Amino acid sequence: MNNNQKKRNFQIEAFKHKVVVDSKYADKTWKILEHAIHEIYNHNASGLSFEELYRNAYNMVLHKFGEKLYSRLVSTMTFHLKETSKVIEAAQGGLFLEELNRKWADHNKAVQMIRDILMYMDRTFIPSTHKTPVHELGLNLWRDNIIRSSTIQTRLLNTLLELILRERTGEVINRGLMRNIIKMLMDLGPSVYQEDFEKPFLEVSANFYRVESQKFIEGCDCGDYLKKAERRLNEEIERVSHYLDAKSEAKITNVVEQEMIANHMLRLVHMENSGMVNMLFDDKYEDLGRMYSLFRRVSNGLSTVRDVMTSHIRETGKQLVTDPEKLKDPVEFVQCLLDEKDKYDKNISLAFSNDKTFQNALNSSFEFFINLNPRSPEFISLFVDDKLRKGLKGVSEEDIEIVLDKVMMLFRYLQEKDIFEKYYKQHLAKRLLLGKTVSDDAERSLIVKLKTECGYQFTSKLEGMFTDMKTSQDTMQGFYATHGAELGDGPTLVVQVLTTGSWPTQPSVTCNLPSEMSVLCEKFRSYYLGTHTGRRLSWQTNMGTADLKATFGKGQKHELNVSTYQICVLMLFNNADCLSYKEIEQATEIPSTDLKRCLQSLACVKGKNVLRKEPMSKDIAEDDSFLVNDKFTSKFYKVKIGTVVAQKESEPEKQETRQRVEEDRKPQIEAAIVRIMKSRKVLDHNNIIAEVTKQLQSRFLANPIEIKKRIESLIEREFLERDNSDRRLYRYLA
């Protein structure tokens, strides 16, 4: 068929020959049709000739009696439906719906047959006169004469609502019958279903759940209440799937959500002994998950849950970081932080569907309370130090990575990352110099992580420390290759040459080395300065260690692993049996605080007391005397004598570290100010403060007072100037 060809409209045309109609033809024909309709309604349709009936109806329309045919059809159907209405009304109790359902099925069959007989009228007369088609007419008449009859309408609604109530209270009802009746209302048109059933159903449901939720909340704990609410919600969803219109689901679930959840949100989350805080405390993942899935259905539900979680984490975190007991042990303190983080990560994963907003709330809470403790950077570094010294011995690489990743996660929360860097550098230096690190790979892995997080500048000096250790090995090989023969069997020396800028600054401390050692040190100095021009060496005797062989009272021999200070003290006893504190101090010139620690570890530590102190006490006094402990015994040949040190810094040391950090910050603040002013040329005071704080926040939280001082300093040095008319404006001077 050609696409351009117009579509043809097919029409049923009238007969061409003229038919003469007598005056009573219409009434006679209608009588035949009326009798047929009665027979159809009375279930006697089997004896009817539908072909003959169709022809009669066809002729009536053809002879212009369509109007009569249509109006009489309406009257006849209305008559039958009024009779049907009486039968339905007469049905008692549970038979009422069954009778209604049966009569509805009969009516539908009847309308179908009548429509077949009157098909010609339905297709020609009805469209041309804009009347209601037969099928739709049947529905409308059923609606008006049955469903909305004064005696049936209220009874039907009450019966349906009564059945639903019985089902809600645990009874089993005939769901098939309910489905048929509800489908009938839907077939009669959306307005019938909504006006005659859905609206009252939703109102009654709201009242039901309002009363029930009040009863539950008075008598249940939070977990049980949420189970009941969830069950009710699921029941309503199931009810819709079985016999209500699918469009009702959103409306009825909204009613349950409003009455059972939204109206009681705050009371539920704050419920005493069982609310959300208790659930978090007791790791009740299932209850929390249920709370999350129910509360997310109502507006502001999740924000309510999130706010309670946030305030709880902040409160418990604040208690943790201010607990004096926890602060006594830095490693335990950091482990508690990690345990808390693991606990809430698990909650968010198992109960809150890994919700990003909850993760953000957790992160901001941790950042809030970790920074309440100014010693957090130091403690995190001490935790790393403990793990990399001994805590990770025998642990697989994967597990080491997990621990390091957790440390990095805490590091990200720190506002003063530069303080962490300061301590980390000191601790790393001690680990490297004393050979205490468990794994070089783990050390390097952490530095890579810090570099990724903070950039090259943050870790360049740390990497320099590793380079120095490697270079020192090569230097020692060169030294022994040159001087090995002349040194013979005397003492051996291992020197670590440290680049001043890379390592933590240490005050150069004088200390008189034993003559055997000082000769060797001089040899190394002349060798090193001979191979490197333009360098200076200063000995850091406070950082070294030594192994020496000792023979005690009954000829017992031991190899003692000691610090450089300790060997200086012990070698004095080769030439004297008893020495006073003053004599030792004079001979070694070790600073008094270090000397006291040194003597304390040699004379007061049980099992390591190679010296004897008179009088015996835990602390060292300036009038004490010391002798070799002839009765010293140990089941080990090699005995390591540590130095008594405070794990945490003392108050003066803390102040000193803090001062060094503050000094280091000054050039960084100035550099940031110059960078900003160079690009902006003119800027007011508040904006400079904001920009500098933003630029430096990855390393530390800049103090506005310090920024102001740095601006003043830059003005004095003519990098910036104040605007003449507005003193709060600064200009960059190229």
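In the predicted model, strands β1 (residues 545–551) and β2 (residues 557–563) pair in the antiparallel sense over seven bridges, where strands are DSSP runs of E with at least two residues, helices are runs of H or I with at least four, both numbered from the N terminus, and pairing requires that DSSP find at least two bridges between two strands. The bridge partner of T545 in β2 is S563. Five residues lie between the strands of this hairpin, in which G555 adopts a positive phi near 75°.

Residues are numbered from 1 along each chain as its sequence is written. Because the model is predicted, local features need pLDDT of at least 70 and side-chain atom pairs count only at pLDDT 80 or more, whereas totals for chains, interfaces and linings use all residues, and side-chain values use heavy atoms, with hydrogens and water left out.

Leaving aside residues up to four places away in sequence, F295 touches L226, I261, M265, L268, V269, G301, L302 and V305, a contact being heavy atoms within 4.5 Å.

W104 lies in helix α4 (residues 95–117) and counts as buried because its relative accessibility is 7%. Beyond residues up to four places away in sequence, W104 touches L139, W142, M184, D187 and L188.

The second largest pocket is lined by 25 residues, of which E421, K461, D664, Q668 and R699 lie nearest its centre; a pocket is an open set of points on a 1 Å grid over the protein atoms alone, where a 1.4 Å probe fits, with protein on both sides within 12 Å along at least five of seven lines, and lining residues have an atom within 4 Å of a point. Helices α21 (417–433), α23 (456–487), α28 (651–680) and α29 (685–696) each supply at least two lining residues, and the largest share, six residues, comes from α28.

Methods: Buried < 20%, exposed > 50% of the residue type's maximum accessible area, 1.4 Å probe, protein only.
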